[in-house]
Amino acid sequence: MTMNELRRVGIFSDIHANLHAFKTVLDALDSENLDYIVCCGDVVGYGAFPNECCELLIERKFPVIAGNHDHAVLGLTDISYFNDVAKNAVLWTRKVLKKENEEFLRALPLTHKLGDMFFVHASPEAPADWNYILTMGEARANFRFFSEKFCFIGHSHQPFIIENLNEELSCPSTPEIEIRDDCRYLINVGSVGQPRDRNPNACYVIVDFEAKCVEIKRIHYDIQAAQEAIMANGLSQELAERLAYGW
Ligand SMILES: [Fe+2]
(Lines give C-alpha, C1' and ligand atoms only; values in the text may rest on other atoms or scores of the structure.)
Protein backbone atom coordinates (compact mmCIF):
# COMPACT_ATOMS: atom_id res chain seq x y z
CA MET A 1 0.00 0.00 0.00
CA THR A 2 1.50 3.34 -1.01
CA MET A 3 0.39 6.76 0.10
CA ASN A 4 -1.03 7.47 -3.37
CA GLU A 5 -3.38 4.53 -3.11
CA LEU A 6 -4.86 5.69 0.17
CA ARG A 7 -8.28 7.27 0.08
CA ARG A 8 -9.60 6.68 3.57
CA VAL A 9 -7.61 5.84 6.69
CA GLY A 10 -8.85 4.93 10.19
CA ILE A 11 -6.72 5.49 13.29
CA PHE A 12 -7.47 4.52 16.87
CA SER A 13 -5.53 4.17 20.12
CA ASP A 14 -5.64 3.19 23.80
CA ILE A 15 -7.93 0.15 23.69
CA HIS A 16 -6.78 -0.73 27.22
CA ALA A 17 -8.21 -4.25 27.10
CA ASN A 18 -11.78 -2.95 26.75
CA LEU A 19 -13.09 -5.59 24.35
CA HIS A 20 -16.64 -4.22 24.26
CA ALA A 21 -15.44 -0.80 23.13
CA PHE A 22 -12.90 -2.29 20.72
CA LYS A 23 -15.41 -4.57 18.97
CA THR A 24 -17.82 -1.67 18.57
CA VAL A 25 -15.09 0.51 17.06
CA LEU A 26 -13.97 -2.33 14.77
CA ASP A 27 -17.52 -2.73 13.45
CA ALA A 28 -17.68 1.03 12.88
CA LEU A 29 -14.32 1.00 11.06
CA ASP A 30 -15.47 -1.93 8.93
CA SER A 31 -18.44 0.14 7.78
CA GLU A 32 -16.24 3.13 6.86
CA ASN A 33 -14.81 1.71 3.62
CA LEU A 34 -11.18 2.20 4.71
CA ASP A 35 -7.97 1.27 2.85
CA TYR A 36 -5.71 1.38 5.89
CA ILE A 37 -6.15 1.14 9.67
CA VAL A 38 -3.54 1.87 12.37
CA CYS A 39 -3.56 1.38 16.16
CA CYS A 40 -1.45 3.85 18.15
CA GLY A 41 -0.78 1.65 21.19
CA ASP A 42 -1.85 0.85 24.76
CA VAL A 43 -3.59 -2.35 23.75
CA VAL A 44 -3.65 -3.61 27.34
CA GLY A 45 -3.89 -2.28 30.91
CA TYR A 46 -7.05 -1.27 32.85
CA GLY A 47 -9.62 -3.54 31.17
CA ALA A 48 -10.54 -7.20 31.56
CA PHE A 49 -9.73 -8.57 28.11
CA PRO A 50 -6.03 -8.15 27.28
CA ASN A 51 -5.76 -11.51 25.47
CA GLU A 52 -8.87 -11.04 23.37
CA CYS A 53 -7.79 -7.52 22.31
CA CYS A 54 -4.30 -8.74 21.32
CA GLU A 55 -5.81 -11.65 19.41
CA LEU A 56 -8.17 -9.42 17.43
CA LEU A 57 -5.26 -7.17 16.44
CA ILE A 58 -3.15 -10.19 15.44
CA GLU A 59 -6.05 -11.52 13.36
CA ARG A 60 -6.68 -8.20 11.62
CA LYS A 61 -2.96 -7.55 10.91
CA PHE A 62 -3.23 -3.78 11.42
CA PRO A 63 0.00 -1.89 12.01
CA VAL A 64 0.11 -1.44 15.80
CA ILE A 65 2.65 0.61 17.76
CA ALA A 66 3.66 0.17 21.38
CA GLY A 67 2.23 2.21 24.25
CA ASN A 68 3.54 2.73 27.77
CA HIS A 69 1.09 0.22 29.26
CA ASP A 70 2.14 -2.42 26.73
CA HIS A 71 5.76 -1.83 27.76
CA ALA A 72 4.81 -1.78 31.44
CA VAL A 73 3.20 -5.20 31.22
CA LEU A 74 6.36 -6.52 29.55
CA GLY A 75 8.58 -4.98 32.24
CA LEU A 76 10.15 -2.69 29.63
CA THR A 77 9.21 0.54 31.38
CA ASP A 78 9.33 1.61 35.03
CA ILE A 79 5.92 1.40 36.73
CA SER A 80 6.97 3.19 39.91
CA TYR A 81 5.41 6.38 38.53
CA PHE A 82 2.07 4.62 37.83
CA ASN A 83 -0.67 5.24 40.38
CA ASP A 84 -1.82 2.24 42.44
CA VAL A 85 -4.84 1.53 40.26
CA ALA A 86 -2.75 1.49 37.07
CA LYS A 87 0.00 -0.52 38.76
CA ASN A 88 -2.44 -3.18 39.97
CA ALA A 89 -3.94 -3.41 36.49
CA VAL A 90 -0.43 -3.97 35.06
CA LEU A 91 0.26 -6.72 37.63
CA TRP A 92 -3.09 -8.41 36.90
CA THR A 93 -2.45 -8.22 33.14
CA ARG A 94 1.00 -9.79 33.58
CA LYS A 95 -0.66 -12.71 35.38
CA VAL A 96 -3.30 -13.44 32.75
CA LEU A 97 -1.52 -12.54 29.50
CA LYS A 98 -0.77 -15.54 27.30
CA LYS A 99 2.80 -16.10 26.15
CA GLU A 100 1.96 -15.59 22.45
CA ASN A 101 0.23 -12.27 23.19
CA GLU A 102 3.20 -11.17 25.27
CA GLU A 103 5.37 -11.91 22.22
CA PHE A 104 3.01 -9.91 20.02
CA LEU A 105 3.33 -6.88 22.33
CA ARG A 106 7.11 -7.32 22.57
CA ALA A 107 7.43 -7.09 18.78
CA LEU A 108 5.56 -3.78 18.47
CA PRO A 109 7.61 -0.84 17.15
CA LEU A 110 7.60 2.58 18.84
CA THR A 111 6.74 4.44 15.65
CA HIS A 112 5.22 3.78 12.24
CA LYS A 113 5.30 5.77 9.02
CA LEU A 114 3.46 5.66 5.76
CA GLY A 115 4.00 8.42 3.21
CA ASP A 116 2.72 11.65 4.71
CA MET A 117 1.67 10.02 7.98
CA PHE A 118 3.71 9.44 11.14
CA PHE A 119 2.32 7.45 14.07
CA VAL A 120 3.60 7.38 17.67
CA HIS A 121 1.90 6.63 20.99
CA ALA A 122 3.02 9.57 23.13
CA SER A 123 5.27 12.13 21.42
CA PRO A 124 7.40 12.31 18.26
CA GLU A 125 10.08 14.13 20.27
CA ALA A 126 10.88 11.12 22.45
CA PRO A 127 8.74 8.07 21.61
CA ALA A 128 10.15 5.94 24.46
CA ASP A 129 9.81 8.62 27.15
CA TRP A 130 6.01 8.68 27.18
CA ASN A 131 5.74 12.46 27.57
CA TYR A 132 2.28 13.95 27.24
CA ILE A 133 1.37 16.63 24.71
CA LEU A 134 -1.23 18.66 26.58
CA THR A 135 -0.42 22.29 25.80
CA MET A 136 0.09 24.35 22.64
CA GLY A 137 3.70 24.87 23.73
CA GLU A 138 4.29 21.13 23.90
CA ALA A 139 2.56 20.70 20.55
CA ARG A 140 4.70 23.45 19.00
CA ALA A 141 7.92 21.79 20.19
CA ASN A 142 6.81 18.44 18.82
CA PHE A 143 6.10 19.70 15.29
CA ARG A 144 9.90 19.91 14.92
CA PHE A 145 10.26 16.17 15.48
CA PHE A 146 8.32 14.86 12.49
CA SER A 147 8.64 15.89 8.87
CA GLU A 148 5.40 14.36 7.58
CA LYS A 149 2.21 16.34 7.02
CA PHE A 150 0.37 14.35 9.71
CA CYS A 151 1.41 13.00 13.09
CA PHE A 152 -1.10 10.82 14.91
CA ILE A 153 -0.77 10.17 18.64
CA GLY A 154 -2.76 8.76 21.59
CA HIS A 155 -1.65 8.50 25.25
CA SER A 156 -3.63 11.30 26.96
CA HIS A 157 -7.00 9.77 25.98
CA GLN A 158 -8.13 13.30 25.01
CA PRO A 159 -8.70 13.79 21.28
CA PHE A 160 -7.62 16.97 19.48
CA ILE A 161 -6.61 18.29 16.09
CA ILE A 162 -3.86 20.92 15.99
CA GLU A 163 -3.25 22.75 12.73
CA ASN A 164 0.11 24.30 11.96
CA LEU A 165 0.01 27.00 9.29
CA ASN A 166 3.52 28.43 8.90
CA GLU A 167 4.17 27.93 12.63
CA GLU A 168 0.82 29.53 13.60
CA LEU A 169 -0.90 26.85 15.67
CA SER A 170 -4.63 26.55 16.14
CA CYS A 171 -6.94 24.00 17.65
CA PRO A 172 -10.31 23.91 15.90
CA SER A 173 -13.22 23.24 18.23
CA THR A 174 -15.19 21.22 15.67
CA PRO A 175 -14.63 17.45 15.42
CA GLU A 176 -14.32 17.67 11.62
CA ILE A 177 -11.80 19.79 9.72
CA GLU A 178 -10.83 20.36 6.13
CA ILE A 179 -7.30 19.29 5.16
CA ARG A 180 -5.45 22.32 3.83
CA ASP A 181 -2.51 21.98 1.44
CA ASP A 182 -0.49 24.56 3.42
CA CYS A 183 -0.98 23.05 6.90
CA ARG A 184 0.63 20.30 8.93
CA TYR A 185 -1.33 18.45 11.59
CA LEU A 186 -0.81 16.91 15.02
CA ILE A 187 -3.82 14.76 15.82
CA ASN A 188 -4.60 12.96 19.05
CA VAL A 189 -7.01 10.17 18.13
CA GLY A 190 -8.40 9.82 21.67
CA SER A 191 -9.09 6.48 23.32
CA VAL A 192 -11.18 3.47 22.38
CA GLY A 193 -11.33 1.89 25.81
CA GLN A 194 -11.00 4.64 28.43
CA PRO A 195 -11.89 8.13 27.10
CA ARG A 196 -10.88 10.97 29.45
CA ASP A 197 -12.56 14.00 27.93
CA ARG A 198 -15.84 13.62 29.84
CA ASN A 199 -17.38 11.85 26.86
CA PRO A 200 -17.69 8.12 27.64
CA ASN A 201 -18.17 7.08 24.01
CA ALA A 202 -15.31 5.24 22.28
CA CYS A 203 -13.20 7.44 20.02
CA TYR A 204 -11.48 6.99 16.64
CA VAL A 205 -10.41 9.17 13.72
CA ILE A 206 -11.11 8.98 10.00
CA VAL A 207 -8.90 10.74 7.45
CA ASP A 208 -10.36 11.09 3.97
CA PHE A 209 -7.72 12.16 1.45
CA GLU A 210 -10.25 12.42 -1.40
CA ALA A 211 -12.80 14.51 0.45
CA LYS A 212 -9.86 16.29 2.19
CA CYS A 213 -11.15 16.04 5.71
CA VAL A 214 -10.31 14.64 9.12
CA GLU A 215 -13.01 13.68 11.57
CA ILE A 216 -12.91 12.68 15.25
CA LYS A 217 -15.74 10.21 15.70
CA ARG A 218 -17.45 8.87 18.82
CA ILE A 219 -19.52 5.75 19.24
CA HIS A 220 -21.58 4.37 22.09
CA TYR A 221 -20.75 0.86 23.31
CA ASP A 222 -21.91 -1.45 26.08
CA ILE A 223 -20.19 0.31 28.98
CA GLN A 224 -22.06 -1.72 31.59
CA ALA A 225 -20.74 -5.00 30.19
CA ALA A 226 -17.16 -3.66 30.25
CA GLN A 227 -17.67 -2.49 33.84
CA GLU A 228 -19.09 -5.84 34.95
CA ALA A 229 -16.11 -7.68 33.46
CA ILE A 230 -13.68 -5.38 35.28
CA MET A 231 -15.41 -6.08 38.60
CA ALA A 232 -15.77 -9.82 37.93
CA ASN A 233 -11.99 -10.07 37.46
CA GLY A 234 -11.19 -8.31 40.72
CA LEU A 235 -9.82 -5.20 39.03
CA SER A 236 -10.35 -1.83 40.73
CA GLN A 237 -13.89 -0.49 41.05
CA GLU A 238 -12.51 2.93 40.08
CA LEU A 239 -11.57 1.52 36.66
CA ALA A 240 -15.15 0.39 36.14
CA GLU A 241 -16.73 3.61 37.39
CA ARG A 242 -14.62 6.00 35.32
CA LEU A 243 -15.83 4.41 32.06
CA ALA A 244 -19.30 5.81 32.69
CA TYR A 245 -17.96 9.34 33.13
CA GLY A 246 -15.42 9.27 30.34
CA TRP A 247 -12.67 10.20 32.75
FE1 LIG B 1 -3.28 4.89 27.48
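In this predicted model, the iron ion is coordinated by Asp14 (OD), His16 (NE2), Asp42 (OD) and His157 (NE2), at 2.0 to 2.3 Å, where donors are N, O and S atoms within 2.8 Å of the metal (3.2 Å for Na, K and Ca), and water is not among the atoms, so sites may look incomplete. Residues are numbered from 1 along each chain as its sequence is written, and side-chain values use heavy atoms, with hydrogens and water left out. Local features need pLDDT of at least 70 and side-chain atom pairs count only at pLDDT 80 or more, whereas totals for chains, interfaces and linings use all residues.

Along the sequence, the donor residues follow the spacing D-x1-H-x25-D-x114-H. The two histidines link distant parts of the chain, 141 residues apart: histidine 16 sits in the loop between β1 (8-12) and α1 (19-30), and histidine 157 in the loop between β5 (150-153) and β6 (160-165); here helices (H or I, at least four residues) and strands (E, at least two) are DSSP runs, numbered from the N terminus. Both histidine 16 and histidine 157 are buried, a word that stands for under 20% relative accessible area, with exposed over 50% and partly exposed in between (1.4 Å probe, protein chains only).

The loop between β1 and α1 also holds serine 13, which is buried, with a relative accessible area of 0%. Serine 13 touches, among others, Cys40, Gly41 and His121, not counting residues up to four places away in sequence, a contact being heavy atoms within 4.5 Å.
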